[in-house]
Amino acid sequence: MPTPTHTSTDVPTATNTPTLTPVPSPTPRPVPIYLPLAVSEVCVPGQVHADVVLVLDLSTSMLRPTRTGRTKLAATQDAAKQFVDLMDLSPDAEGEHDQVGVVGFNFEAWVAAPLGPDAARVKGAIDALSDRTAEKTRLDLGFEVGAGVLAEGARRPGNTPVLVLLTDGLPNMVPYAEDGTVETTVLRSAAAARAAGITVFTIAIGAPEDTNPDLLRGCASGADQYYYTPDPDDLASIYRGIAHAIDCPRSLFWGQR
């Protein structure tokens, strides 16, 4: 009987199946989304109070006439008194109020009226400046004495310290700095006032060649805190602008915060 023949059965061999590598999809790039923003801000007069020192040039050139015939000093005095009327010197419901002081300068500088809320006293001091005109223009002393009034006077807590200096001339009899200029001396006096936290405004009046706009702009706290007019009879509008800037400083508005 024939022996059965064993027939081998092929066993399938395992085949390596290639692994698919995931291909990363590109990360979406962020796209800016613009949302409309409506900002409606209103400055409420009286929400900011200030201690203000008016520093006025009493050099003899201030006795020259304006286009209306009155002197530059008379126009300045009238405008300064109008500025006093714009201040909130009467206490509000919380007892807060502004204060005003006056400093005059020529070859020297002096306190004509210390800080206070008495409008009649301040205006009287402004009127009395007519008796103190003299030669020379010590701008450096104007800044120093004005800053001293704010540093040493009866400051009100929370009030913004402000110095407003007006001149119709170039620095005269000012000590020279080590660089041989009087301008550096003046700039340092103004910088010391600003370093003490005082907001400095400067005003130049008269013919363009009679003052140094670059110097006075450099003394101010900012370019928009320097004012110029060739005609002192326009000072009232400048003082109104300064009063508004004090009452509604840029820091109150969203775009300037």
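This is a predicted model: local features need pLDDT of at least 70, side-chain atom pairs count only at pLDDT 80 or more; totals for chains, interfaces and linings use all residues.
Buried, in what follows, means under 20% relative accessible area.

Start with Tyr 239. Its relative accessibility is 0%, so Tyr 239 counts as buried. Now its partner, Phe 83. That residue also comes out at 0% relative accessibility, and therefore counts as buried.

What is the geometry of Phe 83 and Tyr 239? The ring centres are 5.6 Å apart and the planes stand at 55 degrees, so the pair is tilted. Edge-to-face would need over 60 degrees.

Where do the two residues lie? Phe 83 is in helix 1, residues 72-86. Tyr 239 is in helix 6, residues 235-247. The pair therefore ties together parts that are 156 residues apart in sequence.

Stay with helix 1. Helix 2, residues 119-128, packs against helix 1. The angle is about 170 degrees, and the axes are 10 Å apart. Over 145 degrees counts as roughly antiparallel, so that is how helix 1 and helix 2 run relative to each other.

Which residues meet there? From helix 1, we have Gln 77, Ala 80, Lys 81, Val 84 and Asp 85. From helix 2, we have Ala 119, Val 122, Lys 123, Ile 126 and Asp 127. Sorted by class, this contact has five nonpolar residues, four charged and one polar.

Last item: a charge and a ring. The charged end of Arg 132 sits over the ring of Trp 110. Its distance from the ring centre is 3.8 Å.

How values were computed: Residues are numbered from 1 along each chain as its sequence is written. Side-chain values use heavy atoms; hydrogens and water are left out. Rings of Phe, Tyr and Trp (its six-membered ring) pair if their centres lie within 6.5 Å; planes under 30 degrees apart count as stacked, over 60 as edge-to-face and the rest as tilted. Helices (H or I, at least four residues) and strands (E, at least two) are DSSP runs, numbered from the N terminus. Buried means under 20% relative accessible area, exposed over 50%, partly exposed in between (1.4 Å probe, protein chains only). A charge sits over a ring if NZ of Lys or CZ of Arg is within 6 Å of the ring centre and within 35 degrees of the ring normal. Axes are lines fitted to C-alpha atoms, for helices over the stretch in contact, and angles run from 0 to 180 degrees between N-to-C directions. Angles under 35 degrees count as roughly parallel, over 145 as roughly antiparallel, 65 to 115 as roughly perpendicular and the rest as oblique. Contact means heavy atoms within 4.5 Å. Ala, Val, Leu, Ile, Met, Phe, Trp, Tyr, Cys and Pro count as nonpolar, Asp, Glu, Lys and Arg as charged, and the others, Gly among them, as polar.
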